[in-house]
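Subject: Structure handover

Hello,

Please find the structure below. My notes on what was found follow it.

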Amino acid sequence: MNLTPDRLEPGTPYPLGATFDGLGINFAVFSAHAEKIELCLFEPTGKREIARYELPEWTDEVWHGYLPDARPGLLYGYRAYGRYAPEEGHRFNPHKLLLDPYARKLAGAVRWTDALHGYRVRSRRDDLSFDRRDSAPAMPKGVVTHDAFDWGRDVRPRTPWSETVIYEAHVKGLTKLFDAVSPPERGTFAALSNPKVIDHLKRLGVTAIELMPIHAYVQDRFLQEKGLRNYWGYNTLGFFAPEQSYFASDNQDELRLAVRRLHAAGLEVILDVVYNHTCEGSERGPTLSWRGLDNATYYRLMPDEPRYCINDTGTGNTLNLSKARVLQMVADSLRYWATSFGIDGFRFDLGLTLGRTDHGFDPGAGFFDVLRQDPVLGRLKLITEPWDIGMGGYQLGNFPPSFAEWNDKYRDTTRRFWRGDPGQRADLAARLSGSGDLFDRRARRPWASVNFLDSHDGYTLADLVSYEERHNEANGEDNRDGHSENYSRNWGAEGPTDDPEILQTRARVARSMLTTLFTSLGTPMIVAGDEFGRTQNGNNNAYCQDNPISWLDWSAAASPEGKALTEFTTRLIALRKQHPMLRASNFLYGQDSPGHGINDIEWWDERGEALSPDDWNNPEGRALIMGRAMRLDDGTVETLALLINAGPEPVLFKFPAPLGTQGLILIDSAQPDLEDAAADGEYEVAAHGAVLVRWTTEYSDS
């Protein structure tokens, strides 16, 4: 490679990033307020700078230049010159090496030192001071890449939303302890394509794996000082670069091959992405990339005091997606992952933040419009987390069409009902039927409600029925972190116990909750390991536990209890696939009859009688029948009824008269081995039990 030219050629302002064209590399980086930007080149170890060039052109607020004869693999970074005026929102400091926001690969990691800050950390003037130390030795460098993976024969599954079942997993935690994967590949992207991993997902019946953040991220300084690590990864350093520690090799095609093989197995890949903030923290945080390139553009700042970041995310800063170039960066990143890595969908962490304007949340914000109209992104699965910590920071059900939303009301209501809280029956009915009270607007469908019992953030399913208090001592925060109210119940003992009655109750409640999940309208999501009883020992905030607390213990899956729960979960997912009524694509209100005097959805009590307003309002009502009916292609009417009893004693359920007497028990949470058993007119549902019953009735137009 010839690095002898005295200056760069002009190059072009598009595309942003470092782009190899076969003859050289074009460098383009946005900054509306910089006065000069320099390109710094490094030798392969990243330790020594070997050349520095001023980007010669500034077009449409993009600085650009072209380096002829340069090749992929080149390490680089930027230095930005301009005003250091924090009180006006500007924080340019050319002593700080800056990552390209569009870097597609990173070399090295952040090595924490005060020199990474644009100001003197211990100065009395705080962030108004100016630090002249070079940060390059402590900074990772961008690496120029050239993607050439052949996606020509890849076929995206494109699973319909109404048939989707999501499996939330962490790349490392999923396979770090999986003996079926070779040791060098455990906890890496390579393991995702291991036949044993794919076989497990296929046997279980899920249709999509949702990966927790895999964008390059920073290990927090405060965690490293405590001997801990950022495990979850919600601290993005690069929106285009995969996290390097998740590779078993130095080849990014490892991830592409994993996606390709998952697609070949009919499995979609969804990424949990973090575009609401960056790893640079508040105004007192380090200067690693965006802050040094154009703080006043990339971040939302206090209108009257632009020295300070707006903190709607709880992380210290908030990206400003009302700025065109910031929105472009996010859209370009999403499109890159969709096209270069074959990703099928995205779950947006603190998605509400992405729709914020100067006047609060706006479902018509530019971010949503850009994605919905995009010919690539508009065809993918788009899921949002409908909250943040800012003003008006809860907007469940208020996102535009094309987006699904994590439904925490479903989570909390289901938990409260099954632990025996009073007054939950009516709300549970709304959640079972797709939460139409929240989502039935603007022609949205039930799939817009992502139903879940738990997620990475909080207890596992096993811990929900084993702990009533959080046990986060390992986090080093005196057990003060994590949610204090989890709507959980330990059923007689906190944590592990040998009491057989308690263990039986816990197992039955867990199965009842899973039965509720997979018989509810909406998109079900489970967390990796819940299918075999994974525990975090009561830790409900394991964000910093990169160890067996968070990693899946596959020996539990091989235990008799683990095998039984996996089989039960597999049967539930299979029933959902076999019976379209369990995943109806429209909201049901009991107003349409498929025939035989049965409406599409109806509600009865344990006596088989319709519930009156007083019944619905009875705080002690803990038994319910939800019946759903549809006419099949062969002319018969199929009715499925979910019988649930959250009370402490068994309840004899009378079958409602419109359904007839002869029912078929499809699944019973109290008898997990029972399958296709006949029932005549009535059926006893165990305490804390859930049962799914099927009827078919011949239908005649006459």
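The structure, a predicted model, holds 35 aromatic pairs. Rings of Phe, Tyr and Trp (its six-membered ring) count as a pair if their centres lie within 6.5 Å; planes under 30 degrees apart are called stacked, over 60 edge-to-face, and the rest tilted. The rings of Tyr 217 and Tyr 246 have centres 6.4 Å apart and planes at 50°, so this pair is tilted. It links distant parts of the chain, 29 residues apart: Tyr 217 is in strand E14 (residues 215-217), and Tyr 246 is in the loop between strand E15 (236-242) and helix H5 (253-264). Helices (H or I, at least four residues) and strands (E, at least two) are DSSP runs, numbered from the N terminus.

On the sources: this is a predicted model, in which local features need pLDDT of at least 70 and side-chain atom pairs count only at pLDDT 80 or more, while totals for chains, interfaces and linings use all residues. Residues are numbered from 1 along each chain as its sequence is written, and side-chain values use heavy atoms, with hydrogens and water left out.

Next, the sheet. Six strands form an open sheet in the order E24-E25-E26-E31-E28-E29, with antiparallel pairing; two strands pair if DSSP finds at least two bridges between them. Strand E24 (601-604) and strand E29 (677-680) are the edge strands, each pairing on one side only. Strand E28 (residues 662-668) runs antiparallel to E29 and is joined to it by four bridges. Within E29, Asp 680 is the residue opposite Gln 662. Helix H11 (residues 425-432) packs on the sheet and touches E24, strand E25 (623-631) and strand E26 (637-645), where contact means heavy atoms within 4.5 Å.

Two helices also pack together. The axes of helix H10 (residues 408-419) and helix H14 (residues 500-518) come within 11 Å and cross at roughly 140°. Axes are lines fitted to C-alpha atoms, for helices over the stretch in contact, and angles run from 0 to 180 degrees between N-to-C directions. H10 is therefore oblique to H14: angles under 35 degrees count as roughly parallel, over 145 as roughly antiparallel, 65 to 115 as roughly perpendicular, and the rest as oblique. Residues making the contact include Tyr 410 and Trp 418 of H10, and Val 509 and Leu 517 of H14.

Finally, two backbone details. Tyr 14 and Pro 15 are joined by a cis peptide bond, with omega about 0°. Glu 61, although not a glycine, has a positive phi of about 70°.

Regards
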